Amino acid sequence: MKLILEQVRETRGDWQFSADATFLPGIHLVTGRVGSGKSTLAGIAAGMLSPGSGRVLREGISSGTLSLQYPEYHVTGATLAKEAASYGVSPEGALENAGLSGRGEDDPFILSRGELKRFHLSCLSLRRWDLLVLDEPFSALDCRGKKRECERIPALSSGIVLVCTHEQQHLPRTDFLWEMRDGNLHALGKVPDALPFWQTAPKTVRTLVSQGCVPANLTDRDLEEALCRMRD
Amino acid sequence: MAGDPRMIQIGDLSCRTLDIPDLIIPPGSTALIGPNGSGKTTLLRLLAGLISPDRGTITIGGSVPGSCRVGFVNEYPDRNALFSRVADEIAAPLRFARFPCTEVSRKAEACAEDAGLSHLINRRLHTLSGGEKALVALLAATIHRPDVLILDEFDSHLDEQTLDAAEQVIRASGPGYIVRCTQNMDVAGRSGTVIALFDGRIRVSGRPGEVFSRLADTCYVPFGWGVLR
């Protein structure tokens, strides 16, 4: 299974996007500054945007989806139950996973954005995807929600998962690290080897790496272990 | 302190699930933290004067919410937007305040330039990234120098460097009160006051260190809080 972006280019006014990359099965963390092209990459990778030039090849990928940054963009149902059904999943399961049991008749827009995000991710989690592109999956979630999603993301797909985010505190176990820099996608490599080259690394990671206490990965547990090493 | 007119004072407040018998928020920067659905947005909307409480009172520096100049950044930045072009959106508060047209344009351009967003000024809002939309919403909220600036999870759209730049915009706009809710505990830790809301009630409020100490058995603390302290 492979997702290949072959000389993909997109231009919007003065801004240019460029990506040449092969995504293999595993969890790919894509970071970068605001406006650097993360959401454009997410849209192109998921097939929601057509690039101006280049090719996107999906080898062995038979199912895929894009989770948008703003969960309200996904809403098509007048109730949470209908919304879950629109994903083709059990409303009861989706509500229970999101901690919203018994609220199937509620209007999705009375939820807080964090609750709506949690519900959307819960709906996604009840299906299996060869390609799953998550654009800012942690945005608006509280710390418990972020931790839960970090644990759940590895189980969402045995295929390719792109996590595009600027989350600084809670991150999932990551196989490959990428960075968008001024519209250009850079492959930094496998984690943890890639960590010293990560320009938009969270402050904690930067501190640990600079102190020679490179974490084994990016989960809370990995960072705490490295932090303990640094303290000792 | 309870009678100090410089404070935000809340008494016997009830609104939806929110229940606050008594709260005083000093001038400066205040962060609301807590789980999703705990009432943070409801409290922010009450302070902005966008909704009225079912019961109780709120005064901001002695005035009721809505009678002072409020800047508000919605947790859904798109929902605040009134115009399709970035320049028009940033300039909107000045236009509504009937500033002269030439002054409006000049101030909007200067505002975008100061924030490093000149390159976006002629873009359509719908073409912006999520973080860029949040920054435009911030400029629109601050261009008229609000007395009270309300930020609803604004930082969740921004990377660390952009957030630092946004903080400069916030400080430069000079509001007497900045009240934000955030899930970034490092951001909360840089505030003068932190209020932790759980299930519509205040579990603890005070200086960041005091609040985080009380929440040490939760994840509502900066990373490494339990390891390094």
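**Exercise 1. Work out how helices H4 and H5 of chain A pack: what are their angle and axis distance?**

Step 1. In this predicted model, helix H4 (residues 113-125) and helix H5 (residues 143-156) of chain A pack at about 15 degrees, with axes 11 Å apart. Helices are DSSP runs (H or I) of at least four residues, numbered from the N terminus; axes are lines fitted to C-alpha atoms over the stretch in contact, and angles run from 0 to 180 degrees between N-to-C directions.

Step 2. Angles under 35 degrees count as roughly parallel, so H4(A) and H5(A) are roughly parallel to each other.

Step 3. Now look at the residues: A:Gly114, A:Arg118, A:Leu121, A:Leu124 and A:Ser125 in H4(A) meet A:Gly145, A:Glu149, A:Arg152 and A:Leu156 in H5(A). Contact means C-beta atoms, placed from the backbone, within 7 Å.

A note on conventions: residues are numbered from 1 along each chain as its sequence is written, and chains are lettered from A in the order in which they are written. Local features need pLDDT of at least 70 and side-chain atom pairs count only at pLDDT 80 or more, while totals for chains, interfaces and linings use all residues.

**Exercise 2. Find how many residues of each chain take part where chains A and B touch.**

Step 1. Count both sides: 33 residues of chain A are in contact with 27 of chain B.

Step 2. Locate the helices on chain B's side: H5, H6 (160-173) and H9 (225-228) each supply at least two residues.

**Exercise 3. Name the contacts of B:Leu138 beyond four places in sequence.**

Step 1. Skip the neighbours within four places; B:Leu138 then contacts B:Val73, B:Phe154, B:Ala166 and B:Val169.

How values were computed
Contact = placed C-beta atoms within 7 Å. Parallel < 35°, antiparallel > 145°, perpendicular 65-115°, else oblique.
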